[in-house]
Amino acid sequence: MRSIVFLLLIIIALLLQSTIFTFLQVAGVKPDLILMLVVFNGFLRGSREGAFLGFLAGLAQDIFSGSYIGLNALTKMLAGYLVGLAEARFYKESVIIVSLVTFMVGILNQLACYVLLFYLNIEVAPFFALGQVIMPSAIYTGLLVPLTYWKFYSSYEKGWLREREP
């Protein structure tokens, strides 16, 4: 059941990100809904689950968007793993903490993406990337967390997003 719910969440996030949020761009950027999903999962379930869902969601994002296959898979896997390391150290009920973690991981995720693009001989001006893409995207994604995290957390607490004990 949990796998089906996560698959549906990934599909919904991809559809929203490519349709509705195209019209809700701020400063030319959209929020990274897939990253939000990966952060929420890693924050509640740990680094192993965070990395696994990050890889799958990133791979789905790569396939769906037609970008370099594996680029988002690697960066989202890294993001899920790093957030999962913080799982036991932070207060999970705090939306402010989750927003800050999402903001920081959003920056790291985009930086990792640009580093990988650099190794593929695709150069983007660093100041342009930081000022026009990385920071606005991380801020936008972090600001959306308070609108969505409470629903994800309550679903997790009810058992929809975690394995039930026999």
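Visitor: Where is Gln-110 found?

Guide: In this predicted model, Gln-110 is found in helix 6.

Visitor: Is Gln-110 buried or exposed there?

Guide: Gln-110 counts as buried, because its relative accessibility is 16% and the cut-off for buried is under 20%.

Visitor: And which residues does Gln-110 touch?

Guide: Setting aside residues up to four places away in sequence, Gln-110 touches Asp-32, Val-133, Ile-134 and Ser-137.

Visitor: Let us step back. How many helices and strands does the chain have?

Guide: The secondary structure comes to 7 helices and 0 strands. Along the sequence, the pattern reads α-α-α-α-α-α-α.

Visitor: What share of the residues counts as buried?

Guide: Of the 166 residues, 45% count as buried.

Visitor: What share of the contacts comes from residues 24 or more positions apart?

Guide: Among the contacts with a separation of 6 or more, 72% are between residues 24 or more positions apart.

Visitor: Could you show me a residue with such contacts? Take Leu-144: where is it found?

Guide: Leu-144 is found in helix 7. Apart from neighbours within four places in sequence, Leu-144 is in contact with Phe-21, Pro-31, Leu-33 and Met-36. Leu-144 is also buried, with a relative accessible area of 13%.

Visitor: How far is Leu-144 from Ala-27 in sequence and in space?

Guide: The two are 117 residues apart in sequence, and their C-alpha atoms are 15 Å apart in space.

Visitor: Where does Ala-27 lie?

Guide: Ala-27 lies in the loop between helix 2, residues 20–23, and helix 3, residues 33–45. Ala-27 is exposed, since its relative accessible area is 61% and the cut-off for exposed is over 50%.

Visitor: What is the phi of Ala-27?

Guide: The phi of Ala-27 is near 55°, a positive value in a residue other than glycine. Most residues other than glycine have a negative phi.

Visitor: What about the phi of Asn-121?

Guide: Asn-121 has a positive phi of about 65°, although it is not a glycine. Asn-121 is in the loop between helix 6, residues 95–119, and helix 7, residues 126–158. With 70% relative accessibility, Asn-121 counts as exposed.

Visitor: New topic: how many aromatic pairs does the structure hold?

Guide: The structure holds 4 aromatic pairs. One of them is formed by Phe-40 and Phe-152, whose ring centres are 5.4 Å apart with 50° between the planes, so the pair is tilted.

Visitor: Which parts of the chain does this pair link?

Guide: The pair links distant parts of the chain, with Phe-40 in helix 3 and Phe-152 in helix 7, 112 residues apart. Both Phe-40 and Phe-152 are buried.

Visitor: Which residues do ring pairs link into a cluster?

Guide: Ring pairs link Phe-40, Tyr-149, Phe-152 and Tyr-153 into a cluster.

Visitor: How far apart are Phe-64 and Leu-85?

Guide: Phe-64 and Leu-85 are 21 residues apart in sequence and 28 Å apart in space, C-alpha to C-alpha.

Visitor: And where is the place of Met-77?

Guide: Met-77 is in helix 5, residues 71–85. Met-77 is partly exposed, at a relative accessible area of 32%. Leaving aside neighbours within four places in sequence, Met-77 is in contact with Ala-51, Gly-54, Phe-55 and Asn-72.

Visitor: Last one: how far apart are the mean positions of the positive and negative charges?

Guide: The chain has 11 positive and 9 negative charges, and their mean positions are 5 Å apart.

Methods:
Residues are numbered from 1 along each chain as its sequence is written. This is a predicted model: local features need pLDDT of at least 70, side-chain atom pairs count only at pLDDT 80 or more; totals for chains, interfaces and linings use all residues. Side-chain values use heavy atoms; hydrogens and water are left out. Helices (H or I, at least four residues) and strands (E, at least two) are DSSP runs, numbered from the N terminus. Buried means under 20% relative accessible area, exposed over 50%, partly exposed in between (1.4 Å probe, protein chains only). Contact means heavy atoms within 4.5 Å. Lys and Arg count as positive and Asp and Glu as negative; His and the chain ends are not counted. The place of a charge is taken as NZ of Lys, CZ of Arg, CG of Asp or CD of Glu. Rings of Phe, Tyr and Trp (its six-membered ring) pair if their centres lie within 6.5 Å; planes under 30 degrees apart count as stacked, over 60 as edge-to-face and the rest as tilted.
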